[in-house]
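Please examine the sequence and the structure shown here before reading on.

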Number of protein chains: 2
Amino acid sequence: MADVAARAGVSLKTVSRVVNDAPHVQPELAERVLAAVAELGFRRNHLASSLRSGQATATIGLLIEEIANPFYATIAGAAAEMARQRDTMLIIASSEEDPAREQQLLRDMCARRVDGLLVVPAGHDHSFLRAEVELGTPVVFLDRPAGKLRADTVLLDNRGGARAGVRRLVEAGHRRVAVLLDSIGVYTMRERLDGAQDALVEAGAPYDNRLVRDGVRDPAAAGRVVAELLDQPDPPTAFFSLNNRITLGVIEELYRRGSDAALLAFDDFDLARLVPYPLTVIAYDAGELARAATELLFRRIDGDRSWPHTVVHPTELVARGLPNR
Amino acid sequence: MADVAARAGVSLKTVSRVVNDAPHVQPELAERVLAAVAELGFRRNHLASSLRSGQATATIGLLIEEIANPFYATIAGAAAEMARQRDTMLIIASSEEDPAREQQLLRDMCARRVDGLLVVPAGHDHSFLRAEVELGTPVVFLDRPAGKLRADTVLLDNRGGARAGVRRLVEAGHRRVAVLLDSIGVYTMRERLDGAQDALVEAGAPYDNRLVRDGVRDPAAAGRVVAELLDQPDPPTAFFSLNNRITLGVIEELYRRGSDAALLAFDDFDLARLVPYPLTVIAYDAGELARAATELLFRRIDGDRSWPHTVVHPTELVARGLPNR
DNA sequence: CTGAAAGCGCTAACAT
DNA sequence: ATGTTAGCGCTTTCAG
């Protein structure tokens with residue numbers, strides 16, 4: 001910047017004004033500065049700028065579980081688009097469901113003085129963020145609530161969605177509904193399971209604990225569990241898959257066997273319509289969820305100091321898949 | 001940091017040493033400093049640190065077309081994982097195939113003094129990056145080559161993959177192969193089309209320009225084009241879809257009609273096995289592509305000044321889908 | 001409307 | 001092994 005100033009025959013401050021298109025600069029001087037900038041290939045150092053000016057790094061941090069998962073990719077896409085509209089860059093990192101890693105990544109983002117944080121929490125204690133929040137870094141939680149910290153939160157109606165879905169199964173006459181979930185340690189899984197139980201209880205259907213299977217981490221595991229359940233005496237007549245990875249494995253096994261068990265699945269997916277097996281999907285708009293959270297975050301960044309909100313987004317039941325052979 | 005130093009009764013530099021766990025600090029002093037850090041809730045300002053130390057913001061930039069697309073999400077996931085292993089943060093931005101936006105985003109990343117850039121290029125002129133590259137910001141191009149800039153590049157064997165796939169169609173007796181593509185302006189689309197034509201020419205099959213359809217932007221458009229082609233006199237007996245979005249629409253329309261046309265598709269996808277229509281997929285490992293590029297980038301960041309490389313990754317033909325009814 | 005000086009928070013280079 | 005000094009590139013403050 002000093003070089004540019006020398007070249008243009010003006011002071012450093014004038015260059016700064018021109019570069020930041022601040023007012024009160026004679027067009028003639030501005031032109032000389034711009035020429036010097038071009039000749040010298042000057043690029044403003046954003047680091048130095050935000051160091052001096054205190055706040056506003058024009059960067060927000062997004063912490064999710066796993067970027068490659070379509071659910072989180074959709075969230076990232078929506079957040080990125082809103083950030084871009086505000087000329088803000090997005091730092092994305094994956095916790096991989098590891099609370100220690102989550103904490104380290106969030107601390108690092110804070111060290112980089114992001115203007116705000118969008119977090120899909122992995123851990124259950126976010127009190128380590130309290131100091132940052134009080135120092136002025138807003139945090140919005142997404143998809144799951146924060147632990148031990150009061151903060152803005154945008155959630156999905158997991159319980160209501162699950163309940164509505166299972167109610168539909170019950171109305172179709174199903175009494176034995178198997179539930180397959182990833183990990184009971186995850187908030188969304190607990191809520192969805194609770195919703196399923198609500199519907200079962202309301203219908204006076206017997207609740208059989210052996211039909212609930214935790215720890216189904218991937219499609220292959222889901223397939224094995226389905227096989228095992230169907231080979232039992234008194235097998236379930238319906239399956240409720242609590243996430244999209246599980247759904248894939250369940251569909252495959254049910255199709256392979258030519259089973260006529262009903263399938264209810266949380267999370268919609270691109271090819272659901274073309275799956276060769278009828279299923280009911282609990283769908284929702286992940287992009288909308290992320291947009292709501294990002295909007296809330298920017299409002300905080302813009303100085304909104306009102307009491308923290310919690311917003312719950314609805315889900316919808318949709319019939320998918322092709323009729324049975 | 002000054003406050004911490006005062007509190008611990010040491011100099012600023014000692015605090016700096018402790019915070020950066022540099023050697024030559026008495027354990028006793030280090031402990032006092034750490035205590036002061038905890039009491040005062042001190043957080044190192046990463047901005048100031050990298051401003052002073054010149055380089056090493058421990059940040060890399062990733063520019064892709066669209067985060068929500070599974071192909072780019074996979075790339076982002078792989079890059080993020082490698083970055084994390086080096087305690088490096090990842091800034092991700094989407095160009096949405098807009099060259100102007102690409103340029104603006106890349107410039108912004110440079111202004112933030114990222115240590116390196118990973119780019120899936122949208123535009124055809126990247127000479128604006130030359131100054132940055134010469135000033136020491138390495139750039140690796142991914143999936144598509146740079147325009148007007150010599151740089152490391154990691155590509156897929158688009159042409160070879162397409163050729164092998166179409167050759168298989170030809171060997172199965174197909175002479176009229178329709179090709180559906182997104183935009184001829186995109187490098188990968190051109191290469192794939194060229195590969196298809198290679199195979200057709202090699203087989204002495206007639207090349208019919210009316211069977212090549214450009215501008216198929218989404219699944220719905222793909223479905224319409226398939227319908228139109230099949231309703232022609234002398235319709236194609238095989239379809240070659242040049243990307244995953246197009247494939248969805250083609251499958252749906254072919255299935256809807258109960259058509260027995262063959263389908264070849266670039267890009268594998270999760271549910272391909274369960275699609276109720278037989279298809280051949282040109283598959284590749286997008287994660288591996290991204291890992292190779294990120295590896296190359298980090299080698300450059302670590303000071304590798306050798307001549308720029310271009311690496312081409314192979315593709316593979318895989319049978320997918322369920323047999324026809 | 002423009003410029004000089006001070007300093008954001010930290011680390012490199014040099015003392016001690 | 002620890003401390004002192006200078007300054008990274010920019011913006012703020014205040015004087016002209």
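In what follows, Ala, Val, Leu, Ile, Met, Phe, Trp, Tyr, Cys and Pro count as nonpolar, Asp, Glu, Lys and Arg as charged, and the others, Gly among them, as polar. The model is predicted, so local features need pLDDT of at least 70 and side-chain atom pairs count only at pLDDT 80 or more, whereas totals for chains, interfaces and linings use all residues. Residues are numbered from 1 along each chain as its sequence is written, chains are lettered from A and ligands numbered from 1 in the order in which they are written, and side-chain values use heavy atoms, with hydrogens and water left out.

**The surface near the DNA**

The residues of the surface near DNA strand C divide into nine nonpolar, nine polar and seven charged.

| Protein atom | Oxygen of DNA strand C | Distance |
|---|---|---|
| A:Gln26, backbone | phosphate | 2.8 Å |
| B:Ser16, side chain | phosphate | 2.8 Å |
| B:Arg52, side chain | base | 3.1 Å |

The elements that give two or more residues to this surface are α2 (12-19) and α4 of chain A, together with α2 (12-19) and α4 (46-52) of chain B. Helices (H or I, at least four residues) and strands (E, at least two) are DSSP runs, numbered from the N terminus. The largest share, four residues, comes from α4(B).

**The interface between the chains**

With contact meaning heavy atoms within 4.5 Å, 51 residues of chain A are in contact with 50 residues of chain B. The area buried between them (accessible area, 1.4 Å probe, lost on being put together, summed over both) is about 4500 Å², and carbon and sulfur atoms give 63% of it. In chain A, A:Arg43, A:Met89 and A:Arg112 lose the most area to chain B.

Six salt bridges (a side-chain nitrogen of Lys or Arg within 4 Å of a carboxyl oxygen of Asp or Glu) are found across this interface. A:Glu132 forms a salt bridge with B:Arg43, with the closest N and O atoms 2.4 Å apart.

Terms used. Buried area = accessible area lost by both parts, 1.4 Å probe. Polar contact = N/O pair within 3.5 Å; in protein donor to acceptor, adjacent residues only side chain to side chain.
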